[in-house]
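The structure comes first, then the details.

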Amino acid sequence: MSPAPAPAEPRWSDRPGLLACEDLVAGYTGDIDILRGLSVKAWPGRISCVVGPNGTGKSTLLKSLFGFLRPSAGRVLLGTDDITGSPPFRMLGLGVAYLPQRPSLFPHLSVEANLKLGLWHARPKKPVLAERLDSAYQRFPVIREKRSQPAGQLSGGQQRQVEIARSLMADPSVYLIDEPTAGVDPQTSETIYDIVQGLARDLSKAVLLVDQDIRAALAITDYVYVVKNGTVFSEGERDDFGTDTDALVARWLYASGE
Ligand SMILES: Nc1ncnc2c1ncn2[C@@H]1O[C@H](COP(=O)(O)OP(=O)(O)OP(=O)(O)O)[C@@H](O)[C@H]1O
């Protein structure tokens, strides 16, 4: 008798995410919903990417997940905990980091002072702080060189690296990343995508990435959500598309109505 076939691995979409939102509804004013029942997941060690036309609610999704906007319906789950509506200042303590589209450093403070702010909420002892700083400098050598300079004097790409290093100080388990290479030159973009990829592959972070640079983002993505009008228009594992980035781009264009 031939052995029974091994049970099929569950598809990622069927597995619980470390961070997930279900049927999220949110907006900036009471009368207009930007998110209209949106559900996405992020899994440890993997990158989920949200793509879609301009103004469709991608940044609004990240803001709602991080607590800047309170959803009017739906829920946000971290593991099995319902964290819907938790304010931003609690999110880092819960292990969720948010890298917004616009630079969020304090430009007049030194790079090192900015890094230390990544751990202020934990009131760390000096040796812990020193150890985290050292590991940030090992991961981002260019930052070590510039640690005494005002952060605002660094290039856009270097500032992005400081932001990521600052977030790593708290060792979060989930990353919400909004267009990490907006306004950055192509070579620096490549470095930043490598770093984002490293967050998932080397550090097992669950990454939810929002990106306009669809081809570059798809190159590092595991799972894709195409969003249109505040809801998921189509979704699928990146591998399902093989190397056919064009098929995904076509879906995105279709969602855009182009
Ligand atoms: N602070 C705000 N107050 C009111 N409306 C807003 C605010 N921020 C965004 N919006 C509106 O919400 C909608 C969705 O914006 P959002 O930034 O989430 O889109 P997006 O998909 O991230 O677009 P893009 O790719 O251009 O960044 C847009 O119509 C936008 O004008």
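Which residue in S8 does Tyr175 stand opposite? Tyr175 stands opposite Val207.

## Basis

This is a predicted model, in which local features need pLDDT of at least 70, side-chain atom pairs count only at pLDDT 80 or more, and totals for chains, interfaces and linings use all residues. Residues are numbered from 1 along each chain as its sequence is written. Helices (H or I, at least four residues) and strands (E, at least two) are DSSP runs, numbered from the N terminus.

## Strand S7 and its partners

S7 and strand S8 (residues 206-210) pair in the parallel sense over five bridges; two strands count as paired if DSSP finds at least two bridges between them. From S7 the chain passes through helix H7 (residues 186-201) to S8 in a right-handed β-α-β crossover. Right-handed here means that, with the strands pointing away from the viewer, the path from the first strand over the helix to the second runs clockwise. S7 is also joined to strand S6 (residues 96-99) by four bridges, and these two run parallel. Leu99 has Ile177 of S7 as its bridge partner.

Five of the five residues of S7 are buried, so the strand is largely enclosed by the rest of the structure. A residue is buried if 20 or more other C-beta atoms lie within 10 Å of its own, exposed if 12 or fewer, and partly exposed in between, with C-beta atoms placed from the backbone. In a regular strand the side chains alternate between the two faces of the sheet. Val174, Leu176 and Asp178 are buried on one side of S7, and Tyr175 and Ile177 are buried on the other.

## The antiparallel sheet

An open sheet of four strands has the order S2-S1-S4-S5, with antiparallel pairing. Its edge strands, each pairing on one side only, are strand S2 (35-42) and strand S5 (81-82). Strand S4 (residues 73-78) pairs with S5 over two bridges, and Leu78 has Asp81 in S5 as its bridge partner.

## Positive phi in two loops

Asp171, in the loop between helix H6 (156-168) and strand S7 (174-178), has a positive phi near 50 degrees without being a glycine. Asp171 has 15 C-beta neighbours inside 10 Å and counts as partly exposed.

Asn229 lies between strand S9 (223-228) and strand S10 (231-237), in the loop. Phi of Asn229, also not a glycine, is positive at about 50 degrees. With 16 other C-beta atoms within 10 Å, Asn229 is partly exposed.
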